[in-house]
Amino acid sequence: MVRQSAKTALRVRACISVITLLVLSFFALLLAVAWGSTGFKVREFLEYLFTGASSAEVILFKIRLPRALLSYLVGGGLAVAGCCLQGVFKNPMADSHILGVSAGAGFGAAACIAFGIGGASFGIAAFGLGNVALGALIGGMLAVLFVVQFARIGRRVSTSALLLSGIAVSSLFTALTSGIMILHRESMEQVVFWTLGSFTAASFEKVRFAALLILPCSALCMVFARPLNIMLLGEEDARMLGVDPVKTTRMLVLLTTLLAAGCVSVSGIVGFVGLMLPHTLRLMTGPDHRLLLPCSFLGGGIFLCLADTLARSLFPPLEIPVGVLSALFGVPFFLYLLRRQGKGGRG
Amino acid sequence: MSSRLTVENLSFFYGNRPILKNVSLAVAPGELVSILGHNGSGKTTLLRCISGYLKPKEGAVRIGEDAVSSLSSKALARRMALVPQSPVMEFDFTVRDIVLMGRNPHLKRFSGETETDYAAADAALVRTGMDALADRSVLTLSGGEWQRTIIARAICQKSELMLLDEPVASLDIKHQIEILRLVRSLCRESGVSALCVMHDVNLSAHYSDQILLLKQGEALACGAPGSVITAPLLAEAYGIEAEVRTEQGHPYMIPRYD
């Protein structure tokens with residue numbers, strides 16, 4: 001009896017969380033598509049969805065829909081990457097930034113912006129991406145390669161060495177980016193805006209690329225949910241429970257790098273989501289990665305989609321960088337949850 | 001009788017510094033074996049060489065007929081469970097969640113826990129007296145309860161050998177007795193073999209079938225408690241003066257304090 005109820009309770013809780021977040025996702029995407037300076041009514045939008053042609057078609061489809069989808073995918077991808085890395089390193093400060101992805105991507109993007117490397121043709125031919133995005137993708141992955149290489153002793157990558165190496169390599173790439181900006185002042189503004197993150201340039205090509213990268217990588221991360229739970233017990237324990245910590249760490253670092261570099265390449269650097277979203281959701285769902293990872297994806301998507309909608313519609317025609325807005329709204333909420341947990345609420 | 005665990009001429013070095021020298025040991029099915037020795041004598045290192053966490057420089061470790069180094073971590077975990085010295089969990093899993101982690105070596109990557117796994121976890125919880133606390137967050141447990149949770153996890157793993165690294169070091173005497181009785185009953189009733197790093201000489205003498213006494217990485221003596229817990233051997237191993245009596249049918253050591 002006890003076991004029946006324990007298992008059922010877990011399932012029920014998981015279903016409620018996931019369904020709630022799915023419904024919220026739908027409304028977040030609907031809001032993102034429907035809300036904008038070209039005002040139109042939800043009814044009109046639904047009419048359009050079911051009957052076809054409408055005057056809103058162009059704005060909806062060419063601009064708002066890909067933008068909504070892209071912000072949703074990036075939010076989900078960053079949250080899953082952050083959640084995995086926090087688990088792998090048992091470090092609440094971990095997210096893809098500490099592996100050097102952002103700094104490397106920033107450098108790659110800055111270099112492409114400043115030097116106009118390769119022209120547009122190469123990048124577009126490769127992935128349907130601009131050359132800046134491609135530069136960011138390569139830069140991000142290159143940075144992680146450096147970080148892991150410096151932190152490696154034989155086959156083993158130690159956590160503390162990895163964190164330190166990540167900080168060091170990040171600093172190096174940030175310095176290089178600053179150097180480029182000073183030497184090429186004409187491109188400074190563009191680089192700065194890129195590093196603040198934005199979905200202004202969203203397109204269906206970018207959505208397709210992001211979906212092809214982010215969805216499979218996120219799904220693969222979720223395959224590692226149970227090993228991730230066990231890794232929280234520490235390396236020696238995990239080994240004796242049938243989880244190879246070296247292999248698991250390597251696989252997850254690879255997957256999260258792909259995820260984060262993919263996200264950053266289409267959106268620029270969006271902070272906060274990867275670090276704090278998983279914490280926020282952990283406070284609500286508990287620490288089990290089998291539930292936490294899917295919820296992180298959905299929650300991250302909802303959060304960034306809403307943040308981006310606000311970012312573009314608060315002070316039209318001015319756009320607030322989405323990273324600024326996500327921090328402004330997310331941090332107070334996160335701090336509130338943290339306080340509540342400290343006072344003995346559901347942790 | 002074939003032994004469940006065989007350690008043959010095992011040596012281990014940190015750099016050039018020898019930690020273990022030529023240690024041999026055989027553990028039979030259902031046997032409870034203790035490893036005793038002074039701090040830094042290599043007890044935990046020996047356990048880690050046996051678990052394959054450290055690679056010995058020389059010598060062999062076999063579980064049944066198989067070399068430990070040849071097994072994948074999953075295959076190894078099906079045959080060997082570890083109760084570590086001071087396990088840490090900072091996330092608020094329930095007691096049952098932690099115990100169920102012991103089923104991981106028996107599960108395929110894509111499949112979830114089945115009724116069999118839940119039943120094994122429940123049996124382990126009952127065995128350790130933790131069934132009433134099954135749905136409590138592990139962050140709220142006392143030291144004794146947490147230790148019993150970890151032992152329940154090891155039981156749930158259903159492996160033939162259990163390695164315990166100072167399982168009673170941080171517990172009060174009531175819980176020390178409880179835990180060691182439990183381990184002994186696992187050996188007697190379920191045929192599990194247990195290899196236990198210990199600090200308390202008298203507890204080891206009472207509960208063990210066999211004791212391995214280490215001194216600076218070398219096996220000073222190995223055998224039944226009566227042959228190992230003797231005044232001259234204790235003097236050599238720990239550098240203390242002690243009187244050894246027989247209490248409750250087992251050797252009992254009283255050290256000279258002043």
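1. Conventions. Residues are numbered from 1 along each chain as its sequence is written, chains are lettered from A and ligands numbered from 1 in the order in which they are written. Because this is a predicted model, local features need pLDDT of at least 70 and side-chain atom pairs count only at pLDDT 80 or more, while totals for chains, interfaces and linings use all residues.

2. Chain A overall. Chain A has 15 helices and two strands; helices (H or I, at least four residues) and strands (E, at least two) are DSSP runs, numbered from the N terminus. Of its 347 residues, 51% count as buried. A residue is buried if 20 or more other C-beta atoms lie within 10 Å of its own, exposed if 12 or fewer, and partly exposed in between, with C-beta atoms placed from the backbone. Of the contacts in chain A between residues at least 6 apart in sequence, 77% join residues at least 24 apart. Two residues are in contact if their C-beta atoms, placed from the backbone, lie within 7 Å.

3. The contact between the chains. On chain B, 27 residues are in contact with 23 residues of chain A. The elements of chain B that give two or more residues to this side are helix 2 (73-79), strand 6 (80-83), helix 3 (95-100) and helix 4 (115-127). By class, the side of chain B that touches chain A has 16 nonpolar, four polar and seven charged residues. Here Ala, Val, Leu, Ile, Met, Phe, Trp, Tyr, Cys and Pro count as nonpolar, Asp, Glu, Lys and Arg as charged, and the others, Gly among them, as polar.

4. The antiparallel sheet of chain B. Four strands of chain B form an open sheet in the order 2-1-4-5, with antiparallel pairing; two strands pair if DSSP finds at least two bridges between them. Strand 2 (17-27) and strand 5 (66-67) of chain B stand at the edges with a single partner strand each, so one side of each is left without a neighbour in the sheet. Strand 1 (residues 5-14) of chain B pairs with strand 2 of chain B over seven bridges and with strand 4 (residues 58-63) of chain B over five bridges. V7(B) has L25(B) as its bridge partner in strand 2 of chain B and stands opposite V61(B) in strand 4 of chain B. The hairpin of strands 1 and 2 of chain B has two residues between the strands, and G15(B) there takes a positive phi near 65 degrees.

5. Strand 8 of chain B. Five of the five residues of strand 8 (residues 193-197) of chain B are buried. In a regular strand the side chains alternate between the two faces of the sheet. On strand 8 of chain B, S193(B), L195(B) and V197(B) lie on one side and A194(B) and C196(B) on the other, and all are buried. Strand 3 (residues 32-37) of chain B runs parallel to strand 8 of chain B and is joined to it by four bridges, with L32(B) partnered by A194(B). Strand 7 (residues 161-165) of chain B also pairs with strand 8 of chain B in the parallel sense, over five bridges, and L164(B) has C196(B) as its bridge partner. From strand 7 of chain B the chain passes through helix 6 (residues 173-190) of chain B to strand 8 of chain B, a right-handed β-α-β crossover; right-handed means that, with the strands pointing away from the viewer, the path from the first strand over the helix to the second runs clockwise.

6. Helix 8 of chain A. V191(A), W194(A) and T195(A) are the buried residues of helix 8 (residues 188-196) of chain A. Seen down the axis of helix 8 of chain A, they fall within an arc of 95 degrees, so they line one face of the helix; the arc is that of the directions from the helix axis to the C-beta atoms. These buried residues pack against helix 4 (101-115) and helix 7 (159-183) of chain A. On the other side of helix 8 of chain A, E189(A) and V192(A) are exposed. G197(A), with a positive phi near 85 degrees, follows helix 8 of chain A.

7. The core. Of the 179 residues in the largest nonpolar core, L163(B), A194(B) and C196(B) touch the most other members. Helix 3 (residues 57-88) of chain A gives the most to this core, with 14 residues. A nonpolar core is a set of buried Ala, Val, Leu, Ile, Met, Phe, Trp, Tyr and Cys residues joined through C-beta atoms within 7 Å. Not counting residues up to four places away in sequence, A194(B) touches L32(B), M162(B), L164(B), V183(B), L186(B) and C187(B).
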